[in-house]
Amino acid sequence: MGVKGLQNFMQRCCPEACVTVDLRKMASQHVARNTTSAHSTGPTLVVDGMACLCHWYTCENWVCGGQWREYMDVLKSWVEAFNSIGIRLVFFFDGVVEEQKRQEWVKRRHRVNGQISKIFRHIKEHGEQPGRELFCLPSGLAAFTSFALRSLGQEVFCSVQEADYEIASYARQHCCMGILGQDSDFIIYDSAPYLSVEKLRINSFTTVLYDRQRFCRAIGLAVPQLPLLACLLGNDVVSKEQMQHIRNNAMATYRKNNPAPQLGAPQAQMVLAVSQYVSSLWGGEEEETGHILQCMNLSAPHRELLKRGICSYLLPGQEDLQRGDISARPSAIALKKYVSPEILKACREKHVAAEGSMVYPVVFEGVVQCSNTLEDEQDTELLPQALVFKSCRQRIYGLLLDHDGSTVDTPAIREWFVFPGNPLKEPHMVHPVPVNLPCGRPNLDLLWFGTGSDVSALRLTSFLTILDCQDFTELYGSIEVSLLAVLCLVTYIVLQAVSQEDVDAYLSQAVCLSMKSPQELQYIKLPFLSSRAVQLGSLYVRGLSHLLGANCASGYPLPNTALMPWHSFDGQLFQSKYLLAHSGTETTVLLDSDSSRLSLFLHLREKLIETCRKRGRVLQSRPTPIAPEQSHKSTSVPGYRGRHAGWTSGGCEGWRTRGEVRGEHQHRGGWRERGEERTDRSENDNRERLWDRGHRGGGQHFHPSTYPEHHSGGLHNMNRPPGQSRGRSYRSRGRYQLAPRWSQPPAPGT
């Protein structure tokens with residue numbers, strides 16, 4: 001966001017406006033200046049949370065879905081550092097995407113999609129995470145960071161309009177010592193001093209202050225003229241192309257008056273040229289911006305656009321132009337009739353306090369968006385997360401809008417979800433699906449404001465119904481709430497399309513996570529990365545955000561803390577369990593030879609399979625061969641097969657665990673019996689051959705060698721095969737064909 005190139009111009013051409021400051025001294029000076037201020041609350045920094053994410057997430061592994069416990073420790077240390085010097089922090093996160101900035105949002109999403117393609121290409125070619133030049137934040141990092149900071153006792157806000165505007169407004173209204181972020185728009189706003197998070201050195205508490213007063217003196221403008229400068233240079237509201245003719249004229253005049261400019265860089269000349277043009281428009285300091293716009297050579301649409309862009313920088317008490325309706329939510333009127341005034345008020349309060357998820361944009365705006373996820377556009381077997389969780393969202397919409405399933409006057413939610421193949425030219429119109437319980441459709445006011453044990457039970461049933469997991473009601477109170485959430489999420493994912501080995505990986509890592517310290521998780525060594533496991537990790541974390549939405553819509557039957565990823569997911573741990581599960585490792589080894597964890601794992605697995613069978617879903621074993629075309633480059637240790645008797649030679653059959661060879665059907669509700677397996681194979685013979693052609697690479701498969709001994713903390717360096725094959729390309733198979741895993745199609749709405 002912001003004015004492209006402006007900050008770089010300041011650093012190169014106005015060094016006197018880029019001042020290195022000591023935050024401790026700055027805090028002391030702030031207190032001395034504001035001791036009598038009615039709004040003063042001590043030295044406070046308003047933090048742009050979105051700008052800080054890439055600086056907070058310093059964990060070495062980022063591609064596997066997130067090292068959430070390690071990340072929590074980083075956040076805790078960061079907050080404690082500021083608290084130790086008496087600086088109060090207030091955090092803001094983006095809560096909406098304003099429609100006037102939608103096209104810029106789309107451009108950035110497409111740009112990140114290109115980067116994600118390079119990430120998966122690198123993983124397949126080298127079997128490892130790419131360098132920091134392709135760094136991509138783990139899915140859902142912003143949403144879960146706001147919950148993390150609240151758990152650390154911090155004040156967190158989620159914006160209801162442009163977050164930069166709310167940050168600048170808050171900082172000005174509360175006389176804060178500064179804004180900590182990384183956006184040149186904070187130079188334009190007439191608010192608190194703008195401090196760079198990129199230049200922040202937490203050990204010495206120093207950073208760079210971009211002084212807007214000194215900047216204005218350097219370019220010959222006054223602070224109130226900066227919004228017009230920003231719009232003419234191009235920002236998120238007014239594109240560079242729309243004001244190109246103004247800049248061309250300004251540049252021609254500048255070069256005529258400055259035949260030998262001291263600043264030779266074209267970008268520097270452009271900023272100075274436009275600055276001189278803006279200065280020439282003002283006849284006096286008191287001249288109104290509205291009059292200035294009338295004097296400019298602009299068409300009516302461009303004049304209105306420029307006015308809107310300038311207004312976006314004017315904070316409360318600064319309006320010499322009317323902000324008008326640029327922040328209005330017209331869709332709120334359309335959806336207002338579906339909810340009570342009390343619900344509307346509660347929705348906004350939950351959203352602003354960063355306690356809600358998904359409810360505000362649905363009820364107030366009728367639009368929901370989701371940014372990029374690590375998804376492999378070449379993998380046609382796994383559905384994109386936007387499609388996997390669509391039926392869940394539809395039920396959330398149905399519950400929030402009290403939808404009865406009729407087609408009369410049905411509200412449609414506009415979804416802007418980023419996934420491979422979606423051009424984002426327009427939103428997908430998604431209709432709500434009613435949440436029907438045995439007692440009828442639940443009433444939202446009762447769920448949110450009702451009391452008593454009956455209401456508590458109704459909340460839980462509503463939540464489970466959204467996820468199609470009503471059968472798990474009996475588990476509430478008998479297992480940890482976080483594990484109940486895991487079971488619901490994995491079961492929901494299974495009902496779409498994953499394999500037995502994927503389920504083992506999901507459940508085993510969740511069960512084992514509580515035994516691992518952040519340090520142990522950090523030092524897990526992987527022989528290589530699986531691109532499919534990378535996508536499954538991101539799919540799980542995106543699913544947790546949907547659980548948050550379902551929980552909020554249902555009136556919070558579960559504590560939100562139980563749905564946080566640091567209680568149920570670690571990217572490296574999941575990757576390690578995935579490799580073990582798909583290499584035929586015995587279940588006991590998968591559970592770190594811990595009998596209590598093994599018992600819990602089997603219990604959860606029983607419940608999952610039992611629920612799937614009731615819905616006509618038969619979970620099948622689909623071990624994914626690991627880098628078949630590169631397996632000759634890996635090193636096998638002779639003793640591996642002896643230690644893991646389930647390993648056999650030959651095709652994919654050799655990937656079965658010893659328990660599967662004997663048959664694990666002695667566990668009630670366990671994996672398929674041999675007879676079921678034969679039946680499934682007979683019914684799906686043709687589809688099996690297709691799968692075999694794509695996944696049996698010929699030759700030997702990767703042997704994990706000594707990996708089971710070292711996957712959870714060992715420092716042994718393993719040989720990494722540089723790639724893996726996923727079968728035929730999506731161009732020959734069609735986009736997102738479902739793998740032949742189910743005897744029936746996936747649930748409606750996906």
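The structure, a predicted model, holds 25 aromatic pairs. One of these is formed by Trp78 and Phe82, whose rings are tilted, with 4.7 Å from centre to centre and 50° between the planes. Both residues belong to helix 4 (residues 68–84), where they stand four residues apart, about one turn of the helix. Trp78 has a relative accessible area of 11% and Phe82 one of 0%; because buried means under 20% relative accessible area, both residues fall in that class. A further tilted pair joins Phe569 and Phe574, at 5.7 Å centre to centre and with 40° between the planes. Phe569 is counted as buried at 0% relative accessibility, and Phe574 is likewise buried, with a relative accessible area of 0%. Ring pairs also link Tyr57, Trp62, Trp68, Tyr71, Phe135 and Phe144 into a cluster.

The largest nonpolar core comprises 156 residues, and the members that touch the most others are Trp56, Trp78, Phe82 and Phe91. Apart from this core lies another, of 64 residues, which includes Val208, Leu228, Met243 and Ile292. When residues up to four places away in sequence are not counted, the contacts of Trp56 include Trp78 and Phe91, together with Tyr71, Val74 and Leu75. Among the other residues touched by Trp56 are Val47, Phe93 and Leu149.

An open sheet is built from seven strands in the order 1-7-6-5-2-3-4, with mixed pairing. Its edges are formed by strand 1 (18–22) and strand 4, each of which pairs on one side only. Neighbouring strands are turned against each other by 30° on average, direction ignored. Helix 2 (residues 23–33) packs on this sheet and touches strand 1, strand 6 and strand 7; the direction of the helix makes about 85° with that of strand 1. Strand 6 (residues 194–196) and strand 7 (residues 206–210) are paired in the antiparallel sense over two bridges, and Tyr194 has Tyr210 in strand 7 as its bridge partner.

Five bridges connect strand 3 with strand 2 (residues 44–48) in the parallel sense, and Thr44 stands opposite Arg88 of strand 3. Strand 3 also runs parallel to strand 4 (residues 155–158), to which four bridges join it; here Val90 stands opposite Glu155. In a regular strand, side chains alternate between the two faces of the sheet.

Strand 9 (residues 413–417) and strand 10 run antiparallel and are joined by three bridges, with His428 in strand 10 as the bridge partner of Glu415.

Helix 5 (residues 102–126) consists of 25 residues. From its first C-alpha to its last, this helix reaches 36 Å, close to the 36 Å expected at 1.5 Å a residue. Helix 5 is followed by Gly127, which has a positive phi, near 65°.

Terms used. Residues are numbered from 1 along each chain as its sequence is written. This is a predicted model: local features need pLDDT of at least 70, side-chain atom pairs count only at pLDDT 80 or more; totals for chains, interfaces and linings use all residues. Side-chain values use heavy atoms; hydrogens and water are left out. A nonpolar core is a set of buried Ala, Val, Leu, Ile, Met, Phe, Trp, Tyr and Cys residues joined through side-chain atoms within 4.5 Å. Buried means under 20% relative accessible area, exposed over 50%, partly exposed in between (1.4 Å probe, protein chains only). Contact means heavy atoms within 4.5 Å. The expected span of a helix is 1.5 Å times one less than its number of residues. Two strands pair if DSSP finds at least two bridges between them. Axes are lines fitted to C-alpha atoms, for helices over the stretch in contact, and angles run from 0 to 180 degrees between N-to-C directions. Rings of Phe, Tyr and Trp (its six-membered ring) pair if their centres lie within 6.5 Å; planes under 30 degrees apart count as stacked, over 60 as edge-to-face and the rest as tilted.
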